[in-house]
Amino acid sequence: MSQKTNGQVRKSMPETEVVEKAKRRQYTAEYKLRILQEVEACKEKGEIGALLRREGLYSSLIYKWREQRNRGSLEGLAAHKRGPKADFRAVEFARLQRENERLRKRLERAELIIDVQKKVAQMLGVALEEQDLDEVS
């Protein structure tokens, strides 16, 4: 398209539209069951295709939903979080490592305090028994 202004011909830029980022659809178990029932009720040729176009679905989803239904009814049809699953052993191992390091530092401080107490007792000439030191820490 061109526009004429002051004797000059200028081509106008087409308007650009920023499309919102696509969002992954999530389906409820009830919706999945309803669609599976409708698919199974289709008898005529092309009915399933029309149903899929109307709902905006792919045939692979129907196959997957059937497998889920056969495996465990509604539990299998519930929406699942995508991505890698948390490894609970690894999480627990990391927590235990942090706790171990914290306790190790605490033990080092306690041993340092005991050493200082022993040196102070020697300088003052006070005899400390091992039992007394154990009660302090």
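Buried means under 20% relative accessible area, exposed means over 50%, and partly exposed lies in between (1.4 Å probe, protein chains only). The model is predicted: local features need pLDDT of at least 70, side-chain atom pairs count only at pLDDT 80 or more, and totals for chains, interfaces and linings use all residues. Residues are numbered from 1 along each chain as its sequence is written, and side-chain values use heavy atoms, without hydrogens and water.

**Exercise 1.** Classify E99 and R95 by accessibility, then describe their contact.

Solution. 
- Step 1. E99 has 31% relative accessibility, so E99 is partly exposed.
- Step 2. R95 has a relative accessible area of 36% and is also partly exposed.
- Step 3. The two form a salt bridge (a side-chain nitrogen of Lys or Arg within 4 Å of a carboxyl oxygen of Asp or Glu). Their closest N and O atoms are 3.3 Å apart.
- Step 4. Both residues lie in helix α4 (residues 88-124), four residues apart, about one turn of the helix. Helices here are DSSP runs (H or I, at least four residues), numbered from the N terminus.

**Exercise 2.** State which parts the salt bridge of R54 and E38 ties together.

Solution. 
- Step 1. The N to O distance of this pair is 2.8 Å.
- Step 2. R54 sits in helix α2 (residues 47-55) and E38 in helix α1 (residues 29-41), so the bridge ties together parts 16 residues apart in sequence.
- Step 3. R54 is exposed at 54%, while E38 is partly exposed at 24%.

How values were computed: Helix = DSSP H or I, 4+ residues; strand = E, 2+ residues; numbered from the N terminus.
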